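Dear colleague,

Please find the structure below, handed over for your own work.

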Amino acid sequence: MYQAATGAQAFGYVLILIAGVAVVAGIIWAFRLGAKVRDREPAPPRPDEQPKMPPGGPMRETREVREPDEVPRAADESERLTPHQLGNAGTKRAADQTRSRWSPGSSGSFGGGGGGRT
């Protein structure tokens, strides 16, 4: 009914067993390494070390309408500024602080081309 494994089959079984032991050993090693790293980390802050609310209460969000700064121009009209000469795109506080709203009757999607509300 049962037959003995041939030499090639036995070698395959031993190879699978060795691979399994290597995987388990790798998992155990990774777990121990993670535990050592975690032991070196500082402990979480105690309740008395937690951040405190400022005396004036919580900080509030400031909402304002911003507009882009003027793009610098080259000294000579034939010359062109490169991106690294332009620097970061800055903004400034807009003189008109009313929020721009969606106008009724226009399409709500970008490039939709539809008639919107009719």
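**Salt bridges, pocket and surface patch**

R63 and E61 are both exposed. These two residues form a salt bridge, with their closest N and O atoms 3.5 Å apart. Please note that the model is a predicted one.

Across the whole structure, the search finds six salt bridges. Another of them joins the side chains of E64 and R93, at 3.1 Å from N to O. This pair connects distant parts of the chain, 29 residues apart: E64 lies in the loop between α1 and β1 (66-68), and R93 in strand β2 (residues 91-93). E64 counts as partly exposed because its relative accessibility is 34%, while R93, at 51%, counts as exposed.

A network of salt bridges links R46, D48 and E49. Within it, the side chains of E49 and R46 meet at 3.2 Å, N to O. E49 has 44% relative accessibility and therefore counts as partly exposed; R46, at 48%, is also classed as partly exposed.

The largest pocket has a volume of about 160 Å³. Its lining consists of P68, D69, E70, V71, P72, L86, G87, N88, A89 and G90. By class, five of the lining residues are nonpolar, three polar and two charged.

Finally, W29, L33 and V37 make a nonpolar surface patch of about 310 Å². Of these, V37 is placed in helix α1 (residues 7-40), and its relative accessibility of 36% is why V37 counts as partly exposed.

Yours sincerely

Technical notes: Residues numbered from 1 in each chain as written. Predicted model: local features only at pLDDT ≥ 70, side-chain atom pairs only at ≥ 80, totals over all residues. Heavy atoms only, no water. Patch = residues over 30% accessible without salt bridge, like charges linked within 9 Å, V, L, I, M, F, W, Y side chains within 5 Å. Areas by Shrake-Rupley, 256 points an atom, 1.4 Å probe, with all protein chains shown as cover. Salt bridge = Lys/Arg side-chain N within 4 Å of Asp/Glu carboxyl O. Helix = DSSP H or I, 4+ residues; strand = E, 2+ residues; numbered from the N terminus. Buried < 20%, exposed > 50% of the residue type's maximum accessible area, 1.4 Å probe, protein only. 1 Å grid on protein atoms, 1.4 Å probe; cavity = no way out; pocket = protein on both sides within 12 Å on 5 of 7 lines; lining within 4 Å. Points joined across faces, edges and corners; volume = space filled by probe spheres on them. Nonpolar A, V, L, I, M, F, W, Y, C, P; charged D, E, K, R; others polar.
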